[in-house]
Amino acid sequence: MQHANALNRLNRLPISRFHKITLLAVSFAYFFEFADINSFSTTSPKLIKLWGVTVNQVAYVTSLSFVGMFIGSIVASTIADRWGRKRALMLTTVWFGVFSLAAVFSWDIVSLGVFRVLTSAGLSAMTVVAVIYVAELYPAVSRGKYQAYAIVIGICGTPVTNLIASLVVDINDWTWRLVYLWGALGILLVLFTRQLKESPRWLESRGDHTGADAVLREIEARVSAEKGPLPEPAPPIDEAPAGKAPLRMLLQRKYLFPTLLLTVVWVTQTIGFFGYSTWAPTLLAKEGFSVEKSVFYVALTTVGAPLGSYLAALVTDRFERKWCMVAFGAVIAVCGLFYGLTFNPVLIVVFGFAVNLFERGYTALGYAYSPELFDTRGRSLGTGVSYGLGRLSNAAGPLIVAALYNGSGYQSVFLFIAGTWMVGAIVLAIFGPRTRQAAQQPVSDPETAEV
């Protein structure tokens, strides 16, 4: 068979046990990514007391972690193109698990900072690969929903970790280490190795039509055994192998615009989200709340996160993703601003809950939207670079937050965070292309070959 026609063959498959097992595996990786990503913010109030860590030192560790995220995103795009989506997903998840385990044995803020940078590289790399993997394996008409479902399950890692931290961090002088041990359990993704399949679209892009066809036949056999005879796919198209994707390729017009647009989206999302989630426990503690209460309040607000991802799953394939993201971003800005204007514990939880709900919905929508702006050749590189630049931008974010807090006080931090969300929403509203209609059209010629 000369052409595996992976996109059309995958698009006509009904959702089956194969898709659900894949969803479970990706969700497992997301769960421990989200479990681990806030580990430092939940333990830093304790380390301020235990090791005499300053707010500026918290800012430096957090900033360097985002440099690690940038490097991880770029490396992820390279290994996902060279070694495949499945292998890259496994490698990046094991990487962040190993270095989260190493953080358990850190002896000062420098050693912990090094381990957090290396962990963060793996966290960001895994996210980039997982986004691409889901985008390439699920039917176009429902990939947004299942991308969001993966986040619904995965994001539960954040409130679970925060609740665990609120229970164990302050027991004695070493129990904060249990938070990092918990995050290291992502290594267990290796148990799913045999259940996951390589992306046929990646194999096809490498010119391995025989390999792509073999994987597709296996998937189709499993789906048809469960769901019955499958409809015929749209006819194949002639398409040359993609070959390597050098970084300079993003300077081409078809890749430059979406890369720049998504960079703005991920820069504003990163500064806006991590400015809130990373600093909320520490700033509440600095404003007079006890460590236990500050961590507990933030833990309560993160309960809204899974609900936000579920909300995204309800709207992502029903409405245009671009406009859903614009609306969610504007709501986050307003609720985040109100969060910073109150010291009432009930209102802190209410507005923090709303921020987490809509932010996680925004992120789930963004994970579905981003890879749709590129073809197979540019998908990994474009997604990785734009996502990585977003994470890199927050190397400056914590330093800005620390400067604002020290110079102008608590509320100025949340004015800044609200402003970043509004910038992202406005840019996306004006320049963001629509993808929903194109994603639902069958591929019959090279001009519409990729969504």
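**Around the largest cavity**

Reply: Sorted by class, the residues lining the largest cavity come out as 6 nonpolar, 6 polar and 1 charged. Keep in mind that this is a predicted model. That lining has 13 residues, and Ile-37, Phe-40, Thr-62, Ser-65 and Arg-116 are the ones nearest the cavity's centre.

As for the space itself, the volume of the largest cavity is about 130 Å³. The structure has 10 cavities of 30 Å³ or more. If you're wondering how such spots get found, rolling a probe the size of a water molecule over the atoms shows where empty space is left.

Now for the packing. The largest nonpolar core takes in 97 residues, and Val-26, Tyr-30 and Leu-89 have the most contacts inside it. Apart from that one lies another core, this time of 18 residues, including Ala-103, Leu-112, Val-179 and Tyr-180. Going back to Val-26, and leaving aside residues up to four places away in sequence, you'll find it touching Leu-89, Ala-130, Tyr-133, Val-134 and Ala-150.

One last stop is the cysteines. Cys-324 has a relative accessibility of 8%, so it counts as buried. Cys-335 is buried too, at 12% relative accessible area. As for disulfides, the structure holds 0 of them.

Definitions and conventions. Residues are numbered from 1 along each chain as its sequence is written. This is a predicted model: local features need pLDDT of at least 70, side-chain atom pairs count only at pLDDT 80 or more; totals for chains, interfaces and linings use all residues. Side-chain values use heavy atoms; hydrogens and water are left out. A disulfide is a pair of cysteine sulfur atoms within 2.5 Å. Buried means under 20% relative accessible area, exposed over 50%, partly exposed in between (1.4 Å probe, protein chains only). A nonpolar core is a set of buried Ala, Val, Leu, Ile, Met, Phe, Trp, Tyr and Cys residues joined through side-chain atoms within 4.5 Å. Contact means heavy atoms within 4.5 Å. On a 1 Å grid over the protein atoms alone, a cavity is a set of points where a 1.4 Å probe fits but cannot get out, and a pocket is an open set with protein on both sides within 12 Å along at least five of seven lines; lining residues have an atom within 4 Å of a point. Grid points are joined across faces, edges and corners, and a volume is the space filled by probe spheres set on the points. Ala, Val, Leu, Ile, Met, Phe, Trp, Tyr, Cys and Pro count as nonpolar, Asp, Glu, Lys and Arg as charged, and the others, Gly among them, as polar.
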